[in-house]
Amino acid sequence: MDQLAALLDGPRARGAFLLRALLDPPWSMRVEDQAPLTVVGVVKGEAWVVPRGGAPVRISPGEVAIVRGPDEYVVADQPDTTPQIIIGADQHCTTLDGESLYQSMDLGVRTWGNSADGDTIMIVGTYAMETEVGRRLLEALPKLLVLPGGPLIGLLGAEMVRDEPGQEAVLDRLLDLLLISTLRSWFADHEAPAWYRAQSDPIVGKAMRMLHNNPAHPWTVASLAAEVGVSRASLARRFTELVGEPPMAFLTDWRLALAADLLREPGATIGSVARKVGYGSPFALSTAFKRVRGVSPQEYKVG
């Protein structure tokens with residue numbers, strides 16, 4: 001597992017909210033759902049995204065916008081169009097006065113809008129859950145980015161109108177692919193975070209993958225260095241230079257991020273989570289967890 005794949009395990013789509021929007025102007029929606037990550041792809045026409053406190057950004061056909069929450073933003077036919085629609089929690093859609101628009105704008109299978117022949121066709125995918133594993137990825141992104149989406153936008157749009165067995169899983173995976181391909185392009189053309197750049201290093205990248213793939217192993221700097229074929233001092237120095245933190249600090253952060261996500265799974269116990277992430281006992285996990293996060297695993301689990 002590489003860095004991007006590992007961190008995407010946090011915001012990956014599992015039954016993500018996904019729809020096709022068909023709209024005739026004038027239209028404008030203020031999005032207040034507080035979702036950590038939203039993907040907007042324009043198939044036809046154009047749209048503008050207006051982040052709170054930021055400059056409007058145009059999305060042309062074939063382009064994808066990735067919007068990082070939880071701040072509200074506006075999506076509209078023009079940047080100065082007054083919002084007529086509010087998108088709230090759980091994607092509940094209302095007028096400015098709070099009247100539900102669920103039935104009046106329902107246009108069929110995963111399709112919504114004000115016109116069946118809308119001048120603008122958009123694909124909107126919302127990742128509703130932010131997990132600890134995905135936190136580092138989200139923090140590396142700007143509030144809004146727009147890039148070409150490639151052929152995946154058309155493929156996703158074509159699949160959305162189908163209603164066949166297993167379709168939800170197909171759509172989730174296509175949405176993930178669209179997100180991953182867009183993020184790859186973004187990191188290739190912009191200043192990528194240190195952890196992303198480090199994965200291309202033949203020594204540090206290999207060490208990072210080993211830590212990601214087997215966090216329960218009783219790693220030491222010496223044992224990790226032996227696996228990647230360098231001295232302990234060389235690995236420690238190179239890892240810290242490229243990643244920005246020593247190998248064991250990186251491993252601790254990864255273990256505790258995994259633990260935070262696992263603790264909220266049904267039936268999870270502190271003991272079972274401790275074993276999965278490399279702590280010898282519930283007490284050891286609790287001590288590390290509280291030191292870093294300020295609350296015990298039990299408090300976090302029920303919080």
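Start with the open sheet of 7 strands, whose pairing is mixed and whose order is β10-β11-β1-β12-β3-β6-β13. Strands here are DSSP runs of E with at least two residues, helices are runs of H or I with at least four, and both are numbered from the N terminus. Two strands pair if DSSP finds at least two bridges between them. Select residues 106–108 for β10 and 144–148 for β13: these strands stand at the edges, and each has a single partner strand, so one side of each is left without a neighbour in the sheet. On average, neighbouring strands of this sheet are turned by 25° against each other, direction ignored. The axes behind that angle are lines fitted to C-alpha atoms (for helices, over the stretch in contact), and angles run from 0 to 180 degrees between N-to-C directions.

This is a predicted model, in which local features need pLDDT of at least 70 and side-chain atom pairs count only at pLDDT 80 or more, while totals for chains, interfaces and linings use all residues. Residues are numbered from 1 along each chain as its sequence is written, and side-chain values use heavy atoms, with hydrogens and water left out.

Next, select residues 17–23 (β1) and 111–113 (β11), two parallel strands joined by 3 bridges. Within this pair, A21 stands opposite W112 of β11.

Now display the backbone of P25 and P26, which are joined by a cis peptide bond with omega about -5°. P26 sits in the loop between β1 and β2 (28–31). For another cis peptide bond, go to G69 and P70, where omega is near 10°. P70 is in the loop between β6 (63–68) and β7 (73–76).

Then select Q34, in the loop between β2 and β3 (37–44). Q34 is not a glycine, yet its phi is positive, about 60°. Its relative accessible area is 57%, so Q34 is exposed; the classes are buried under 20%, exposed over 50% and partly exposed in between (1.4 Å probe, protein chains only). R110, in the loop between β10 and β11, also has a positive phi, of about 50°, without being a glycine. R110 counts as partly exposed because its relative accessibility is 24%.

Where does S296 lie? Select this residue in the loop between α11 (282–293) and α12 (297–302). S296 counts as buried because its relative accessibility is 18%. Leaving aside neighbours within four places in sequence, S296 is in contact (heavy atoms within 4.5 Å) with F289 and K290.
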